[in-house]
Amino acid sequence: MKKQTIAIHTPYVRPDAYGSLAVPIYPNVAFEFGDAQQMADAFCNRIKAPDYARIANPTVTNLEQRVRALTGAAHVTAFNSGMAAISNTLLAVAAQGKNIVTSRHLFGNTLALISGTLLRLGIKPRLRDLTDLEAVEQAVDNETACIYLETVTNPQLEVADLGALAEIAHRKGVPLIVDSTIIPFTETSLSVLGVDVEVISSTKYLSGGGTSLGGLVIDYGTFPQINQRIKYDLLINLGAYMAPQVAYQQTLGLETLDVRYQRQAANALYLAESLREWGNIRRVNYIGLKDNPYYELAQRQFGPTAGAMLTIDLQSKEHCFRMLNRLRLIHRATNLFDSRTLAIHPASTIFGLFPERQLEQMDVRQTTIRLSVGLEDADDLLADIQQALQDDL
């Protein structure tokens with residue numbers, strides 16, 4: 001079956017007692033067992049049955065099973081946010097004295113996690129240009145826990161060669177872990193490129209309209225200890241499992257993900273091609289533009305679509321604020337891949353607490369506005385941006 005069909009028709013782990021077509025929500029905490037042996041077997045993972053809702057829940061399991069069927073992953077674990085998925089995955093591979101080879105081109109909270117929170121636990125960041133394969137080769141040593149990156153960085157929109165990074169990682173005996181939020185897993189098969197684990201914020205495309213927070217760890221089983229540590233250590237002891245109500249909402253979102261994504265990606269390409277013709281916009285950055293430096297690599301790795309995020313650069317921070325304040329249709333809000341189009345000035349918000357010198361090192365500019373493109377009519381979006389920039393034309 002094709003992916004859209006799989007997203008809708010992956011069967012339940014156990015048939016619903018009433019034959020419900022939509023996955024039921026199981027909001028309970030405890031599950032009753034027929035006898036003591038069955039209870040012991042469930043708690044010790046000898047049978048597949050939920051034992052306690054902090055560790056397993058039928059509604060959440062259904063979402064995990066659908067994503068597993070769509071991706072071909074060996075294991076999928078659902079968390080209560082994208083950051084929880086990232087932090088649990090990195091804690092599964094790293095320990096005191098280890099290092100993580102990664103980039104300065106990371107989402108602000110992810111960079112703060114790796115260079116701050118994990119550093120206080122004795123896990124060291126090694127920040128390198130991941131498009132420079134020689135620099136990566138030199139950075140990976142016997143104490144490296146993993147190479148970690150975003151498939152498309154936010155907001156720089158940098159794309160690294162995943163196949164080449166996987167070759168380095170595997171030759172050195174470490175996993176390649178990627179945040180693949182920007183291009184959904186319905187569009188591409190990153191395991192073919194050698195990616196070992198994907199982490200995504202399911203808050204984005206899956207939730208289908210900014211309805212719920214969630215995260216997924218999609219593990220292809222090439223480093224078995226990762227899933228062992230997540231399932232039998234971190235998930236139990238840190239308590240970051242997804243809630244059943246969220247799993248229900250995101251299962252509904254999964255069923256329409258491909259249809260929504262195709263429209264959003266088409267809207268983003270239309271806006272990028274149209275906005276680059278405007279003289280008062282200094283730069284339009286979108287990996288779907290044919291003259292973008294990452295276009296060919298992105299096409300090879302992710303297929304014909306290029307996501308629903310683009311950035312524009314204006315003359316100054318003041319111009320950015322003025323444009324944002326004049327928007328009438330597009331919302332001034334953070335988040336990505338809502339059904340609505342959202343605009344934000346990353347340097348003063350997501351990265352607002354970083355010092356200016358660090359922003360320069362991260363290539364986060366004061367002149368940049370990030371657009372997360374939604375499902376509206378593309379001409380209406382274009383008209384709103386035009387009127388917001390009218391005095392600057």
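In this predicted model, Arg-171 and Glu-137 form a salt bridge whose closest N and O atoms are 2.7 Å apart. The pair links distant parts of the chain, since Arg-171 belongs to helix α7 (residues 162–171) and Glu-137 to helix α6, 34 residues apart. Both ends are partly exposed: Arg-171 has a relative accessible area of 46%, and Glu-137 has 25%.

The structure holds 10 salt bridges. Another of them pairs Lys-98 with Glu-143, with 3.7 Å between the closest N and O atoms. Lys-98 sits in the loop between α4 (82–93) and β2 (99–102), and Glu-143 in the loop between α6 (133–139) and β4 (144–150), so this bridge ties together parts that are 45 residues apart in sequence. Lys-98 is partly exposed at 27% relative accessible area, and Glu-143 is partly exposed at 38%.

Asp-291 and Arg-276 also meet through their side chains, at 2.4 Å from N to O. Asp-291 is in the loop between β8 (283–285) and α10 (295–302), while Arg-276 is in the loop between α9 (244–275) and β8, so the pair joins parts 15 residues apart in sequence. Asp-291 is exposed, with a relative accessible area of 53%, whereas Arg-276 counts as partly exposed at 37%. Salt bridges that share partners also join Glu-137, Glu-167, Arg-171 and Lys-172 into one network.

| Pair | N to O distance |
|---|---|
| Arg-171 and Glu-137 | 2.7 Å |
| Lys-98 and Glu-143 | 3.7 Å |
| Asp-291 and Arg-276 | 2.4 Å |

Let us turn to the open spaces. The largest pocket holds about 1200 Å³ of space. Its lining is made of 39 residues, and those nearest its centre are Lys-48, Ala-49, Pro-50, Ala-56 and Thr-61. The elements that give two or more residues to this lining are α2 (36–43), α3 (58–71), β1 (75–79) and α8 (224–238). Among these contributions, α3 gives the most, with six residues. By class, the lining of the largest pocket has 22 nonpolar, nine polar and eight charged residues.

The second largest pocket holds about 480 Å³. It is lined by 24 residues, and Met-83, Phe-107, Asn-154, Ser-201 and Lys-204 are the closest to its centre. Here α4, α5 and β6 are the elements that give two or more residues to the lining, and α4 gives the most, with three. The lining of the second largest pocket divides by class into nine nonpolar, 11 polar and four charged residues.

A search of the whole structure finds two cavities of 30 Å³ or more. Seven of the residues lining the largest cavity are nonpolar, three are polar and two are charged.

Thr-110 is found in helix α5 (residues 108–120) and is buried, with a relative accessible area of 1%. Setting aside neighbours within four places in sequence, Thr-110 is in contact with Met-83, Ile-86 and Tyr-148.

With a cut-off of 2.5 Å between cysteine sulfur atoms, the count of disulfides comes to zero.

Key: Residues are numbered from 1 along each chain as its sequence is written. This is a predicted model: local features need pLDDT of at least 70, side-chain atom pairs count only at pLDDT 80 or more; totals for chains, interfaces and linings use all residues. Side-chain values use heavy atoms; hydrogens and water are left out. A salt bridge is a side-chain nitrogen of Lys or Arg within 4 Å of a carboxyl oxygen of Asp or Glu. Helices (H or I, at least four residues) and strands (E, at least two) are DSSP runs, numbered from the N terminus. Buried means under 20% relative accessible area, exposed over 50%, partly exposed in between (1.4 Å probe, protein chains only). On a 1 Å grid over the protein atoms alone, a cavity is a set of points where a 1.4 Å probe fits but cannot get out, and a pocket is an open set with protein on both sides within 12 Å along at least five of seven lines; lining residues have an atom within 4 Å of a point. Grid points are joined across faces, edges and corners, and a volume is the space filled by probe spheres set on the points. Ala, Val, Leu, Ile, Met, Phe, Trp, Tyr, Cys and Pro count as nonpolar, Asp, Glu, Lys and Arg as charged, and the others, Gly among them, as polar. Contact means heavy atoms within 4.5 Å.
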